[in-house]
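Have a look first, then read on.

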Amino acid sequence: MSRRTADALVIGAGIIGAATGYYLAREGLKVIVLERNFPCSGSTGRCIGGIRAQFAHDLTIRVMLKSIRMFQKLDQELNEDVEWYAGGYLFLAFDEERKKSFLQAIEIQRRYGLKVDFISPEECCRIVPDLNPEGLIGGAFCPTDGQANPFKVTYGYLKGIRRLGSEVINGAEVTQINIKGDRVVSVVTSTGEKFSAPVVLNAAGPWAGDVARLAGVFVPVKPDRHEALVTEAVERCLEPMLVDYRADGCYFVQHYGTGHFIGCYTPVPIVPGHRIDASDEFITEMPRRMIRLLPKLATVKVLRQWAGSYEMSPDGNPICGKTPVDGFYVACGMSGHGFMFGPALGKLMQELITTGTPSIDISEFRLDRTYAKTETMK
Amino acid sequence: MKRSNRKGAIVRRVIVCRCEEITEEEVRRAIREGYHSLEEIKRVLRTGMGHCGGRGCLRIIARLIEEETGIPAGKQKFPVSRPPLKPLPLGLLASYQYEQKNR
């Protein structure tokens, strides 16, 4: 068995593993990223690329404000056009209860300096001229939210890792995690290699629970299926991400650079398990929901539908931090927001690993919390 | 496709993926950068993400990978093809009454 050593091993080349690996390598650590399949083959490559600070949970808002500042400069950092565009996010309210929950969230968001307003249906239509305002009572709008290309961002980070002299290995599934005393010492992969390092980060997304089990650690992450579709590229007519939280709602955005519409919805009831098959229900239901909001989409053609996993934690917030095994860290349970959290949580995980004290206290996201406070703006 | 530049020299620009207008040169460059699978090249260059869903380009790209790396085209993993088989308008799909079956 061949043996390799590094300062840190990262399991998983999705956005979280790629970003954390990059910032660790930038600190001078020798990093090896171990990817079971190929980069972006899990949840990251299936997400639709939305980025927002409009959340209801204090820490999530602070982390997202940091992430958005990082996305704004990611082009220069990675020397790669990541297609960041601040088109905003418009959350639509069709009943008083939803409006109330948006107003409560806005109050919290403004405490951290987020530029966000509850706007009238007329103002919603000014931002989205083709919007069907039927039943609409207003919307929560933040112009600094936006979108970026998940592939460009993740591959950009991975290229950066290689440029810094560290490594990314594809087709290497971690099959064993070795512990000596209370410390992680090495991992073994399906390629028959042994990698030794004092630090191992579990960034395996929907499979993070399985990877943690190899170290005897329990991580409460469960995948559930979300489907998505993309249309042909058409002339620009939608700036923000539109979010309709009704039980039969959906969310979609038009990609800034290309003009494709891309979107999904949260099925009711949820579809548990890692299932990436495409359903007939989605390909007929999603177009109905999109056309209800933007009637002019009726003539636009669907190119493709697919599915991916949200890696859900019990409270809908990330699980980031140490585990009972020294040197074994976890960053998972992104609950549908991994791509947007990526830059900030990657940097904060690096700070936690190299200094012990990240610049934003993320201990609320620790593994051994009670998971009682759920996120309302899922 | 052949086309002359301003100096009159002949430049070769072979389009491999017509939907996304990706050239042979761009694909070869990606392979030389270390992207040795159809899945990765798809994510880096968008080949196979256009109207044809990869029917036009994937085999050609598999051959280019074979030429550059020696990995036989027949041994390469092709991306899963996703419905619909050909692009359909949202309005048409929305008019279809889906019968609730077991998921």
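This is a predicted model: local features need pLDDT of at least 70, side-chain atom pairs count only at pLDDT 80 or more; totals for chains, interfaces and linings use all residues.

**Helix α9 of chain A**
- If you want to find α9(A), go to residues 338-355 of chain A, a stretch that also holds A:Met340.
- Most of this helix is covered up, with 15 of its 18 residues buried.
- α9(A) isn't straight all the way: a kink of about 40° is centred on A:Ala344.

- Is A:Met340 buried or exposed? A:Met340 counts as buried because 29 other C-beta atoms lie within 10 Å, and the cut-off for buried is 20 or more.
- Leaving aside residues up to four places away in sequence, A:Met340 touches A:Gly50, A:Ile51, A:Arg52, A:Met64 and A:Ser67.
- For a sense of distance, A:Phe261 sits 79 residues from A:Met340 in sequence, and the two are 18 Å apart in space, C-alpha to C-alpha.

**Chain B overall**
- Chain B has 103 residues, and 30% of them are buried.
- You'll find four helices and five strands in chain B.
- Walk along the sequence of chain B and the order reads β-β-β-β-α-α-α-β-α.
- Of the chain B contacts with a separation of 6 or more, 49% are between residues 24 or more positions apart.

**Where α1(B) meets α2(B)**
- Two chain B helices to pick out are α1(B), residues 24-32, and α2(B), residues 38-45; their axes come within 11 Å and cross at roughly 120°.
- Why call this pair oblique? Angles from 65 to 115 degrees would count as roughly perpendicular and those over 145 as roughly antiparallel, so with a crossing of roughly 120° α1(B) and α2(B) are oblique to each other.
- The crossing of α1(B) past α2(B) is right-handed.
- On the α1(B) side, the contact is made by B:Glu26, B:Val27 and B:Ala30, while α2(B) brings in B:Ile41, B:Val44 and B:Leu45.
- Sorted by class, that contact has five nonpolar residues and one charged residue, with no polar ones.

Definitions and conventions:
Residues are numbered from 1 along each chain as its sequence is written. Chains are lettered from A and ligands numbered from 1 in the order in which they are written. A residue is buried if 20 or more other C-beta atoms lie within 10 Å of its own, exposed if 12 or fewer, and partly exposed in between; C-beta atoms are placed from the backbone. Two residues are in contact if their C-beta atoms, placed from the backbone, lie within 7 Å. Axes are lines fitted to C-alpha atoms, for helices over the stretch in contact, and angles run from 0 to 180 degrees between N-to-C directions. Angles under 35 degrees count as roughly parallel, over 145 as roughly antiparallel, 65 to 115 as roughly perpendicular and the rest as oblique. A crossing is left-handed if the near helix is turned anticlockwise from the far one by less than a right angle, and right-handed if clockwise. Ala, Val, Leu, Ile, Met, Phe, Trp, Tyr, Cys and Pro count as nonpolar, Asp, Glu, Lys and Arg as charged, and the others, Gly among them, as polar. The bend at a residue is the angle between axes fitted to the seven residues ending there and the seven starting there.
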